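Subject: Structure for your review

Dear colleague,

Please find the structure below, followed by an account of what was found in it. I would be grateful if you could read the two side by side.

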Amino acid sequence: MTSNLGNPAWPRRAVRLQRAVLLGSLIAMTLPAAAWSGGAPARVGVVTARAADYRPSVSLTGDVEAQVQSDISFRVSGRIVERLVDVGDHVTPDQVLARVDGQEQRIALDTANAALASAQAQLQQSQAAYQRQKTLITSNATSQSSLDAAQENLSVAQASVAAATAQVEQAKEQLGYADLRAGVAGTVTTRNAEAGQVVQAGQTVVSIAQDGPRDAVFDVYEALIDKPPGSPEIGITLVADPSVKTTGHVREISPIVDARKGTIRVKIGLKETPPAMSLGTAVRGEASLAAQKRFVLPSSALFEWQGKPAVWTVAADTHAVEPRVVTLDRYTTQDIVLSAGLEDGESVVVRGGQLLRPGQVVEVVIETVEEQAR
(Lines give C-alpha, C1' and ligand atoms only; values in the text may rest on other atoms or scores of the structure.)
Protein backbone atom coordinates (compact mmCIF):
# COMPACT_ATOMS: atom_id res chain seq x y z
CA MET A 1 0.00 0.00 0.00
CA THR A 2 1.35 3.44 -0.97
CA SER A 3 0.77 6.61 1.01
CA ASN A 4 -0.44 9.94 -0.45
CA LEU A 5 0.87 12.00 2.43
CA GLY A 6 3.98 13.03 0.47
CA ASN A 7 2.08 14.02 -2.68
CA PRO A 8 1.69 17.85 -2.92
CA ALA A 9 -1.56 17.42 -4.91
CA TRP A 10 -3.22 15.32 -2.21
CA PRO A 11 -4.54 18.24 -0.05
CA ARG A 12 -6.11 19.84 -3.12
CA ARG A 13 -7.79 16.54 -4.13
CA ALA A 14 -9.15 16.09 -0.61
CA VAL A 15 -10.68 19.57 -0.66
CA ARG A 16 -12.29 18.93 -4.06
CA LEU A 17 -13.69 15.61 -2.78
CA GLN A 18 -15.19 17.27 0.31
CA ARG A 19 -16.79 19.94 -1.88
CA ALA A 20 -18.28 17.31 -4.16
CA VAL A 21 -19.79 15.39 -1.20
CA LEU A 22 -21.23 18.61 0.28
CA LEU A 23 -22.72 19.62 -3.08
CA GLY A 24 -24.30 16.18 -3.51
CA SER A 25 -25.84 16.39 -0.04
CA LEU A 26 -27.34 19.83 -0.78
CA ILE A 27 -28.81 18.61 -4.05
CA ALA A 28 -30.29 15.53 -2.33
CA MET A 29 -31.87 17.71 0.35
CA THR A 30 -33.51 20.03 -2.15
CA LEU A 31 -34.83 17.34 -4.52
CA PRO A 32 -38.30 15.83 -4.01
CA ALA A 33 -38.40 12.46 -2.32
CA ALA A 34 -39.30 10.68 -5.57
CA ALA A 35 -36.37 12.28 -7.45
CA TRP A 36 -33.97 11.43 -4.59
CA SER A 37 -34.99 7.79 -4.74
CA GLY A 38 -34.38 7.61 -8.48
CA GLY A 39 -37.94 8.34 -9.61
CA ALA A 40 -39.43 5.02 -8.47
CA PRO A 41 -40.95 4.65 -4.97
CA ALA A 42 -38.90 2.54 -2.61
CA ARG A 43 -40.43 -0.84 -1.91
CA VAL A 44 -40.85 -1.58 1.80
CA GLY A 45 -42.44 -4.31 3.84
CA VAL A 46 -44.94 -3.19 6.49
CA VAL A 47 -47.02 -4.75 9.24
CA THR A 48 -50.07 -3.40 11.02
CA ALA A 49 -49.39 -2.45 14.63
CA ARG A 50 -51.95 -3.93 17.00
CA ALA A 51 -52.03 -3.43 20.76
CA ALA A 52 -52.49 -6.80 22.44
CA ASP A 53 -52.20 -8.39 25.86
CA TYR A 54 -48.54 -9.13 26.38
CA ARG A 55 -47.39 -11.43 29.15
CA PRO A 56 -43.61 -11.23 29.47
CA SER A 57 -41.93 -14.13 31.20
CA VAL A 58 -39.12 -13.85 33.71
CA SER A 59 -36.50 -16.55 34.24
CA LEU A 60 -33.97 -16.34 37.08
CA THR A 61 -31.40 -18.72 38.53
CA GLY A 62 -31.10 -19.31 42.27
CA ASP A 63 -30.43 -22.10 44.73
CA VAL A 64 -32.24 -24.24 47.28
CA GLU A 65 -32.01 -23.29 50.96
CA ALA A 66 -33.68 -24.42 54.17
CA GLN A 67 -36.51 -22.25 55.42
CA VAL A 68 -35.07 -22.42 58.95
CA GLN A 69 -31.35 -22.30 59.72
CA SER A 70 -30.06 -22.49 63.30
CA ASP A 71 -26.75 -21.18 64.64
CA ILE A 72 -25.60 -23.58 67.38
CA SER A 73 -23.30 -22.35 70.16
CA PHE A 74 -22.02 -23.43 73.58
CA ARG A 75 -23.77 -22.06 76.65
CA VAL A 76 -20.47 -22.00 78.55
CA SER A 77 -17.02 -20.70 77.65
CA GLY A 78 -14.06 -23.02 77.25
CA ARG A 79 -11.50 -24.64 74.98
CA ILE A 80 -12.85 -27.07 72.40
CA VAL A 81 -11.32 -30.49 72.96
CA GLU A 82 -13.29 -32.41 70.35
CA ARG A 83 -15.30 -31.69 67.20
CA LEU A 84 -17.50 -34.58 66.09
CA VAL A 85 -19.25 -33.36 62.91
CA ASP A 86 -18.30 -31.80 59.61
CA VAL A 87 -20.06 -29.78 56.92
CA GLY A 88 -22.64 -31.89 55.10
CA ASP A 89 -23.28 -34.28 57.99
CA HIS A 90 -26.87 -34.95 58.97
CA VAL A 91 -27.47 -34.69 62.72
CA THR A 92 -30.24 -35.59 65.17
CA PRO A 93 -31.50 -33.40 68.04
CA ASP A 94 -29.60 -35.26 70.81
CA GLN A 95 -26.39 -35.75 68.83
CA VAL A 96 -23.20 -34.27 70.36
CA LEU A 97 -21.49 -31.91 67.90
CA ALA A 98 -18.47 -30.81 69.95
CA ARG A 99 -17.08 -30.73 73.48
CA VAL A 100 -15.23 -28.15 75.55
CA ASP A 101 -12.88 -28.84 78.45
CA GLY A 102 -15.30 -29.08 81.39
CA GLN A 103 -12.71 -28.80 84.15
CA GLU A 104 -14.15 -25.55 85.47
CA GLN A 105 -17.65 -26.99 85.49
CA ARG A 106 -16.49 -30.15 87.27
CA ILE A 107 -14.83 -28.08 90.00
CA ALA A 108 -18.04 -26.09 90.40
CA LEU A 109 -19.99 -29.35 90.73
CA ASP A 110 -17.59 -30.69 93.38
CA THR A 111 -17.90 -27.44 95.34
CA ALA A 112 -21.69 -27.61 95.15
CA ASN A 113 -21.68 -31.23 96.35
CA ALA A 114 -19.47 -30.27 99.31
CA ALA A 115 -21.79 -27.42 100.21
CA LEU A 116 -24.74 -29.79 100.03
CA ALA A 117 -23.03 -32.29 102.35
CA SER A 118 -22.29 -29.52 104.89
CA ALA A 119 -25.91 -28.31 104.75
CA GLN A 120 -27.20 -31.85 105.23
CA ALA A 121 -24.95 -32.32 108.31
CA GLN A 122 -26.18 -29.07 109.75
CA LEU A 123 -29.74 -30.20 109.12
CA GLN A 124 -29.18 -33.42 111.06
CA GLN A 125 -27.84 -31.47 114.07
CA SER A 126 -30.77 -29.06 113.92
CA GLN A 127 -33.26 -31.93 113.76
CA ALA A 128 -31.66 -33.63 116.81
CA ALA A 129 -31.64 -30.37 118.81
CA TYR A 130 -35.29 -29.74 117.98
CA GLN A 131 -36.35 -33.23 118.99
CA ARG A 132 -34.45 -32.87 122.31
CA GLN A 133 -36.11 -29.53 123.10
CA LYS A 134 -39.47 -30.97 122.14
CA THR A 135 -39.01 -33.85 124.62
CA LEU A 136 -37.81 -31.60 127.44
CA ILE A 137 -40.72 -29.20 127.08
CA THR A 138 -43.17 -31.95 128.09
CA SER A 139 -41.51 -32.25 131.53
CA ASN A 140 -40.98 -28.51 131.88
CA ALA A 141 -37.23 -29.09 131.77
CA THR A 142 -36.74 -26.38 129.17
CA SER A 143 -38.36 -23.10 128.20
CA GLN A 144 -40.67 -22.36 125.32
CA SER A 145 -38.16 -19.86 123.93
CA SER A 146 -35.50 -22.60 123.65
CA LEU A 147 -37.95 -24.79 121.76
CA ASP A 148 -38.80 -21.94 119.41
CA ALA A 149 -35.09 -21.25 118.78
CA ALA A 150 -34.47 -24.93 117.97
CA GLN A 151 -37.40 -24.95 115.54
CA GLU A 152 -36.08 -21.81 113.85
CA ASN A 153 -32.61 -23.36 113.48
CA LEU A 154 -34.24 -26.44 111.94
CA SER A 155 -36.09 -24.32 109.37
CA VAL A 156 -32.86 -22.49 108.45
CA ALA A 157 -31.03 -25.80 108.02
CA GLN A 158 -33.79 -27.17 105.80
CA ALA A 159 -33.64 -24.05 103.60
CA SER A 160 -29.85 -24.37 103.38
CA VAL A 161 -30.17 -27.95 102.17
CA ALA A 162 -32.72 -26.91 99.54
CA ALA A 163 -30.42 -24.13 98.30
CA ALA A 164 -27.40 -26.44 98.21
CA THR A 165 -29.40 -29.05 96.28
CA ALA A 166 -30.36 -26.42 93.69
CA GLN A 167 -26.71 -25.41 93.37
CA VAL A 168 -25.76 -29.03 92.68
CA GLU A 169 -28.43 -29.34 89.99
CA GLN A 170 -27.25 -26.11 88.40
CA ALA A 171 -23.64 -27.29 88.45
CA LYS A 172 -24.66 -30.58 86.82
CA GLU A 173 -26.50 -28.65 84.13
CA GLN A 174 -23.48 -26.43 83.52
CA LEU A 175 -21.30 -29.53 83.21
CA GLY A 176 -23.77 -30.92 80.67
CA TYR A 177 -23.32 -27.74 78.62
CA ALA A 178 -19.74 -28.82 77.97
CA ASP A 179 -21.30 -31.13 75.35
CA LEU A 180 -22.71 -29.15 72.43
CA ARG A 181 -25.88 -30.86 71.22
CA ALA A 182 -27.72 -30.08 68.00
CA GLY A 183 -31.15 -29.57 69.50
CA VAL A 184 -32.69 -29.89 66.01
CA ALA A 185 -32.54 -32.37 63.15
CA GLY A 186 -30.85 -31.12 60.01
CA THR A 187 -27.70 -30.78 57.93
CA VAL A 188 -24.54 -28.98 59.00
CA THR A 189 -23.93 -26.12 56.55
CA THR A 190 -21.05 -24.20 58.14
CA ARG A 191 -18.38 -24.84 60.77
CA ASN A 192 -16.88 -21.87 62.59
CA ALA A 193 -14.63 -23.45 65.23
CA GLU A 194 -12.00 -26.15 65.50
CA ALA A 195 -10.54 -28.33 68.25
CA GLY A 196 -8.15 -26.35 70.44
CA GLN A 197 -9.96 -23.07 69.89
CA VAL A 198 -11.23 -21.13 72.91
CA VAL A 199 -14.85 -20.05 72.41
CA GLN A 200 -17.13 -17.81 74.40
CA ALA A 201 -20.66 -18.65 75.45
CA GLY A 202 -23.02 -17.75 72.59
CA GLN A 203 -20.34 -17.83 69.88
CA THR A 204 -21.58 -19.75 66.81
CA VAL A 205 -19.76 -23.05 66.36
CA VAL A 206 -21.85 -24.70 63.61
CA SER A 207 -24.90 -23.75 61.55
CA ILE A 208 -27.60 -26.30 60.80
CA ALA A 209 -30.18 -26.21 58.01
CA GLN A 210 -33.18 -27.78 59.67
CA ASP A 211 -35.08 -30.60 58.05
CA GLY A 212 -38.45 -29.66 56.66
CA PRO A 213 -39.68 -27.12 54.09
CA ARG A 214 -37.25 -25.70 51.54
CA ASP A 215 -36.99 -22.36 49.72
CA ALA A 216 -35.77 -21.48 46.25
CA VAL A 217 -33.85 -18.24 46.80
CA PHE A 218 -33.32 -15.68 44.00
CA ASP A 219 -31.64 -12.29 43.72
CA VAL A 220 -34.24 -10.24 41.83
CA TYR A 221 -33.61 -6.85 40.23
CA GLU A 222 -35.48 -4.06 41.97
CA ALA A 223 -37.42 -3.12 38.81
CA LEU A 224 -39.13 -6.54 38.77
CA ILE A 225 -40.46 -6.20 42.31
CA ASP A 226 -43.03 -3.63 41.11
CA LYS A 227 -44.26 -6.05 38.41
CA PRO A 228 -46.21 -8.81 40.17
CA PRO A 229 -46.54 -12.17 38.42
CA GLY A 230 -49.76 -12.96 36.59
CA SER A 231 -50.12 -16.12 38.68
CA PRO A 232 -49.04 -16.58 42.30
CA GLU A 233 -47.58 -19.98 41.40
CA ILE A 234 -43.92 -19.98 40.35
CA GLY A 235 -42.45 -22.85 38.32
CA ILE A 236 -39.16 -24.23 39.64
CA THR A 237 -36.88 -26.58 37.65
CA LEU A 238 -33.52 -28.12 38.43
CA VAL A 239 -30.77 -26.57 36.28
CA ALA A 240 -28.82 -29.84 36.03
CA ASP A 241 -31.95 -31.82 35.09
CA PRO A 242 -34.90 -29.76 33.74
CA SER A 243 -37.17 -32.80 34.03
CA VAL A 244 -37.12 -32.34 37.83
CA LYS A 245 -39.84 -29.77 38.49
CA THR A 246 -41.93 -28.36 41.30
CA THR A 247 -43.87 -25.20 42.11
CA GLY A 248 -43.84 -22.62 44.86
CA HIS A 249 -45.20 -19.31 46.10
CA VAL A 250 -43.49 -16.11 47.14
CA ARG A 251 -42.87 -16.53 50.88
CA GLU A 252 -40.57 -13.65 51.73
CA ILE A 253 -39.25 -10.49 50.04
CA SER A 254 -36.30 -8.81 51.68
CA PRO A 255 -36.83 -5.11 52.51
CA ILE A 256 -33.12 -4.41 51.90
CA VAL A 257 -31.56 -3.79 48.48
CA ASP A 258 -28.09 -5.25 47.98
CA ALA A 259 -25.96 -2.15 47.46
CA ARG A 260 -23.33 -4.04 45.48
CA LYS A 261 -25.60 -5.90 43.04
CA GLY A 262 -28.73 -3.73 43.17
CA THR A 263 -30.91 -6.79 43.78
CA ILE A 264 -33.47 -7.88 46.35
CA ARG A 265 -33.53 -11.38 47.83
CA VAL A 266 -36.79 -13.23 47.22
CA LYS A 267 -37.62 -16.60 48.79
CA ILE A 268 -40.04 -18.97 47.06
CA GLY A 269 -41.51 -21.58 49.40
CA LEU A 270 -41.51 -24.91 47.57
CA LYS A 271 -44.80 -26.79 47.60
CA GLU A 272 -42.94 -30.09 47.31
CA THR A 273 -39.19 -30.73 47.39
CA PRO A 274 -37.99 -33.46 45.00
CA PRO A 275 -35.07 -35.50 46.40
CA ALA A 276 -32.82 -34.17 43.62
CA MET A 277 -33.33 -30.60 44.88
CA SER A 278 -30.94 -30.93 47.79
CA LEU A 279 -29.50 -28.00 49.69
CA GLY A 280 -27.40 -25.70 47.52
CA THR A 281 -28.48 -27.10 44.15
CA ALA A 282 -29.03 -24.58 41.35
CA VAL A 283 -32.63 -24.09 40.24
CA ARG A 284 -34.40 -21.91 37.69
CA GLY A 285 -37.57 -20.03 38.50
CA GLU A 286 -39.96 -19.00 35.74
CA ALA A 287 -43.03 -16.80 36.00
CA SER A 288 -45.26 -14.82 33.65
CA LEU A 289 -45.94 -11.21 34.58
CA ALA A 290 -49.41 -9.70 34.53
CA ALA A 291 -50.82 -8.96 31.05
CA GLN A 292 -50.24 -5.43 29.68
CA LYS A 293 -51.30 -3.71 26.46
CA ARG A 294 -48.20 -3.58 24.27
CA PHE A 295 -47.16 -3.39 20.59
CA VAL A 296 -44.94 -6.31 19.58
CA LEU A 297 -42.98 -5.68 16.35
CA PRO A 298 -40.04 -7.33 14.58
CA SER A 299 -36.71 -5.92 15.75
CA SER A 300 -35.96 -4.85 12.14
CA ALA A 301 -38.51 -2.02 12.54
CA LEU A 302 -36.38 -0.20 15.11
CA PHE A 303 -33.88 2.55 14.27
CA GLU A 304 -32.53 5.68 15.92
CA TRP A 305 -33.95 9.12 15.21
CA GLN A 306 -32.34 12.17 16.82
CA GLY A 307 -30.82 9.99 19.52
CA LYS A 308 -34.10 8.25 20.41
CA PRO A 309 -35.62 4.87 19.43
CA ALA A 310 -38.06 5.21 16.54
CA VAL A 311 -39.92 3.36 13.78
CA TRP A 312 -41.08 4.40 10.31
CA THR A 313 -44.85 4.78 9.94
CA VAL A 314 -46.62 4.84 6.56
CA ALA A 315 -49.58 7.17 5.87
CA ALA A 316 -52.57 5.17 4.65
CA ASP A 317 -53.58 7.72 1.97
CA THR A 318 -50.27 9.07 0.60
CA HIS A 319 -47.94 6.16 1.44
CA ALA A 320 -45.45 8.74 2.75
CA VAL A 321 -43.20 7.63 5.60
CA GLU A 322 -42.53 9.56 8.81
CA PRO A 323 -40.29 8.72 11.76
CA ARG A 324 -42.12 8.07 15.01
CA VAL A 325 -40.34 8.16 18.37
CA VAL A 326 -41.45 5.21 20.52
CA THR A 327 -41.00 3.98 24.08
CA LEU A 328 -39.27 0.62 24.42
CA ASP A 329 -40.54 -1.70 27.13
CA ARG A 330 -38.21 -4.64 26.49
CA TYR A 331 -36.32 -6.64 23.88
CA THR A 332 -36.78 -10.31 23.01
CA THR A 333 -34.62 -12.49 20.80
CA GLN A 334 -36.49 -11.45 17.63
CA ASP A 335 -38.96 -8.73 18.59
CA ILE A 336 -39.25 -5.38 20.30
CA VAL A 337 -42.03 -4.54 22.75
CA LEU A 338 -43.30 -0.95 22.68
CA SER A 339 -45.33 0.62 25.47
CA ALA A 340 -46.05 3.99 23.78
CA GLY A 341 -45.62 5.94 20.55
CA LEU A 342 -48.00 4.11 18.19
CA GLU A 343 -51.71 4.05 17.53
CA ASP A 344 -53.64 0.87 16.97
CA GLY A 345 -53.89 0.02 13.26
CA GLU A 346 -50.92 2.10 12.02
CA SER A 347 -48.64 0.64 9.35
CA VAL A 348 -45.01 0.25 10.41
CA VAL A 349 -42.05 -0.43 8.13
CA VAL A 350 -40.26 -3.67 9.05
CA ARG A 351 -38.22 -4.25 5.90
CA GLY A 352 -36.33 -1.84 3.67
CA GLY A 353 -36.28 1.12 6.04
CA GLN A 354 -32.50 1.68 6.08
CA LEU A 355 -32.42 4.43 3.42
CA LEU A 356 -35.77 6.12 3.97
CA ARG A 357 -36.26 9.87 4.46
CA PRO A 358 -39.13 11.75 6.10
CA GLY A 359 -41.95 12.35 3.60
CA GLN A 360 -40.65 9.81 1.09
CA VAL A 361 -43.38 7.99 -0.84
CA VAL A 362 -42.97 4.23 -0.76
CA GLU A 363 -44.48 1.16 -2.35
CA VAL A 364 -46.10 -0.88 0.39
CA VAL A 365 -45.82 -4.65 0.62
CA ILE A 366 -47.93 -6.12 3.41
CA GLU A 367 -45.99 -8.74 5.39
CA THR A 368 -47.08 -11.26 7.98
CA VAL A 369 -45.46 -12.51 11.11
CA GLU A 370 -44.59 -15.80 9.36
CA GLU A 371 -42.77 -13.93 6.59
CA GLN A 372 -40.77 -11.98 9.14
CA ALA A 373 -39.78 -15.21 10.89
CA ARG A 374 -38.36 -16.50 7.62
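This is a predicted model: local features need pLDDT of at least 70, side-chain atom pairs count only at pLDDT 80 or more; totals for chains, interfaces and linings use all residues.

**Strand pairing and salt bridges**

Strand 9 (residues 186-191) and strand 11 (residues 204-210) run antiparallel and are joined by five bridges. Within this pair, T187 has A209 of strand 11 as its bridge partner. Strands here are DSSP runs of E with at least two residues, numbered from the N terminus, and two strands pair if DSSP finds at least two bridges between them.

Residues are numbered from 1 along each chain as its sequence is written, and side-chain values use heavy atoms, with hydrogens and water left out.

Strand 13 (residues 233-238) has two antiparallel partners to report. Five bridges connect strand 13 to strand 14 (residues 245-257), and E233 stands opposite H249 of strand 14. These two strands form a hairpin with six residues between them. Four bridges connect strand 13 to strand 16 (residues 282-288), again antiparallel; here G235 has E286 as its bridge partner.

Strand 19 (residues 308-314) is mostly covered, with five of its seven residues buried (buried means under 20% relative accessible area, exposed over 50%, and partly exposed in between, with a 1.4 Å probe and protein chains only). Its pairings are as follows:

- Strand 18 (residues 303-305) runs antiparallel to strand 19 and is joined to it by three bridges, with E304 opposite P309. The hairpin of these strands has two residues between them, and Q306 takes a positive phi near 55°.
- Strand 20 is joined to strand 19 by five bridges, also antiparallel, and P323 is the bridge partner of W312. This hairpin has six residues between its strands, and H319 in the turn has a positive phi of about 60°.
- Strand 23 pairs with strand 19 in the antiparallel sense over two bridges, where T313 has V348 as its bridge partner.

The structure holds 16 salt bridges, a salt bridge being a side-chain nitrogen of Lys or Arg within 4 Å of a carboxyl oxygen of Asp or Glu. In one of them, R99 meets E82, with the closest N and O atoms 3.0 Å apart. R99 lies in strand 7 (residues 96-100) and E82 in strand 5 (residues 78-83), so this pair ties together parts that are 17 residues apart in sequence. R99 counts as partly exposed because its relative accessibility is 29%, and E82 counts as partly exposed at 34%.

A further salt bridge joins D215 and R251, whose closest N and O atoms are 2.5 Å apart. This pair links distant parts of the chain, D215 being in strand 12 (residues 214-221) and R251 in strand 14, 36 residues apart. D215 counts as buried because its relative accessibility is 1%, whereas R251, at 37%, counts as partly exposed.

The side chains of E346 and R324 also meet in a salt bridge (2.8 Å, N to O). E346 lies in the loop between strand 22 (335-340) and strand 23 (347-351) and R324 in strand 20 (residues 321-325), so the pair ties together parts that are 22 residues apart in sequence.

Yours sincerely
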